[in-house]
Amino acid sequence: MSYVDEVYERVVAQNPGESEFHQAVKEVLDSLKLVIDANEEKYRKMALLERLTEPERVISFRVPWVDDNGQVQVNKGYRVQFNSAIGPYKGGLRLHPSVNQGILKFLGFEQVFKNSLTGLPIGGGKGGCNFDPKGKSDREVMAFCQSFMTELYKYIGADQDVPAGDIGVGGREIGFMYGQYKRLTGLYEGVLTGKGLTYGGSLARTQATGYGLVYIVDEMLKKNGKELSGKTVVISGSGNVAIYAAEKAQQLGAKVVALSDSNGYVYDKDGIKLDIVKDIKEVRRGRIKEYADQVPGAVYTEGKGIWTISCDIALPCATQNELNLDDAKILKANGCFAVAEGANMPSTREATDFFLENHMLFMPGKAANAGGVATSALEMTQNSQRLSWSFEEVDNKLHDIMVNIFAKADDAAKRYGVPGNYVAGANIAGFEKVVDAMMAQGIV
C-alpha cells in the first residue's frame, strides 16, 4: 500500500463520521501523489503526511447565552488550529446549525493550502458554532457573541490566531466579538479581521472574496485564449461572496443572470440588478425570492436547480457539496466551459473529476476564493503598521495576489505533467511551501 493510501486510511479510522474532512483529505492527497511518491522515503520517515493531516489543536467548548424570553440557551463552539508552519493560524468563524467538528476540520485543512497560495505568512485554522443568527435580535446575537468570545479569547491573539468572518459572521458579529475581546484582554490589536472601518478594518475586505474570484477567473480565461466580457454567468448564493463576484463580473462586461439562497433561486434574463439584491440581503436580511416580486420578468424557483440555467461560466458561491455530478453534466450539456469555486469545496469529488475529464476550465476553492483571506492578511498588516490603505491600494494588491495564485497553480501543474489541471496545481503549490517550512522546523 502506498504512503498516501496508508495515511488516508489512518485519517478515516481516527476521525469517524467526519465525511467532509475525509473528502477534503482524499482530494488533496490524490492530487499530491505525484509529489509524495517522488519523496516517499523521506516523507514517511518524517511522518510528514500524518502531521499534515492532524490538526495541531482542536478546542471545543460550550457557549451559554440568554435569549429575549429569558431562557438560557447552550451551543457548542470550536476552534481548529490546523497548521502554523508558515504563520499564525488564520481562518474564519462560521455560525450555522450545520457546524460540527468534521466540517471545521475540512475547512481548516483546506485553509492551510489556501493561505499558503496567497504568498502571505499565515497558517491555517477555522472555527465556529452551531448557533444560527438568522431570526435572532441584535441583543441575542450580542449575548451569544460575547459568551463565545469569553471562551475563545484564551486561544487567539494577533501573533497566535487571527479569526475572521465566514457564513453567519458579518460586520455585526465581528464587532460584538472584538468588543468583548478588547474588554477581556485590555488589548487593542489586530486579532480579528473583517472589522469595521472605524476600528481597524480594511477597505475592500467586504468585496475581497467575490472580487478575487472574478480576478482569477479572468486570468484563467485569458491564459486559455478566452475572455470574460460578453459571457453569461450563473452564481449560486446571494451572500457576501456571491454579491461581489456578481458586481465585479458585471464591471468586467459579463452578464450575471441568476443568484440563489437556501430556499431557491432567481433568474433574470436581462441581468441581475445588484442594487435590489443588496437591499434585500444586506439591508433587510430578506430572502432572494423577494427579487422576483420587485423585478418584472424575473422568475423565482423554489428548491435546487440553479445549475440547469444555461451559462458560459458557473461560480458556486454558497456552501460545500452543492454542485454534484448530475449538475456538472447539465452545465456541460448547456455549454458551460468554466467553473470556479467561490465557496469552500462546493463541488463534489465526482463533479470535480467530471470537469477535469471533460477539459472544462476548473479552479478549485482553495485558489479561487483565497482573495478573502488574502485581504484579511492585508488588514493584519495595516493593523501592525497602524496604517489604513485606500480602497484602490488594497484592490490592486488583491488583484496581484490572485494573478500570482493562478501563475503558481499553472506552473505546478505543468511541472508535474498535468497542464491545465488547476486542482493538482493549486494543491502542489500550496503543499510545497508548507512542507518546506515543516521540514525546516523539526518534529513539532
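Start by selecting arginine 287 and aspartate 261: they form a salt bridge, and their closest N and O atoms are 3.6 Å apart. A salt bridge here is a side-chain nitrogen of Lys or Arg within 4 Å of a carboxyl oxygen of Asp or Glu. This is a predicted model, where local features need pLDDT of at least 70, side-chain atom pairs count only at pLDDT 80 or more, and totals for chains, interfaces and linings use all residues. Residues are numbered from 1 along each chain as its sequence is written, and side-chain values use heavy atoms, with hydrogens and water left out.

Back to the pair. Arginine 287 sits in the loop between helix 10 (274-283) and helix 11 (289-294), while aspartate 261 is in the loop between strand 7 (255-260) and strand 8 (264-267), 26 residues apart. Helices (H or I, at least four residues) and strands (E, at least two) are DSSP runs, numbered from the N terminus. Arginine 287 is partly exposed at 22% relative accessible area, whereas aspartate 261 is buried at 15%. Buried means under 20% relative accessible area, exposed over 50%, and partly exposed in between (1.4 Å probe, protein chains only).

Next, pick aspartate 138 and arginine 172, another salt bridge, with the closest N and O atoms 2.7 Å apart. Aspartate 138 is in helix 6 (residues 138-152) and arginine 172 in helix 7 (residues 171-185), so this pair ties together parts that are 34 residues apart in sequence.

Now try glutamate 40 and arginine 44, whose salt bridge also has its closest N and O atoms 2.7 Å apart. How far apart are they in helix 3? Four residues, so about one helical turn separates them.

Jump to alanine 24, in helix 2 (residues 19-38). Is alanine 24 buried or exposed? Buried, with a relative accessible area of 0%. Beyond its neighbours within four places in sequence, alanine 24 is in contact (heavy atoms within 4.5 Å) with Phe106, Phe109, Glu110 and Met345.

Then colour helix 5 (residues 101-117) and helix 17 (residues 422-440), which pack at about 85° with their axes 8 Å apart. Axes are lines fitted to C-alpha atoms, for helices over the stretch in contact, and angles run from 0 to 180 degrees between N-to-C directions. The two helices are therefore roughly perpendicular (angles of 65 to 115 degrees; under 35 is roughly parallel, over 145 roughly antiparallel, and the rest oblique). Residues making the contact include Phe113 of helix 5 and Phe431 of helix 17.

Last stop: valine 74 in strand 2 (residues 72-83), which is exposed at 57% relative accessible area.
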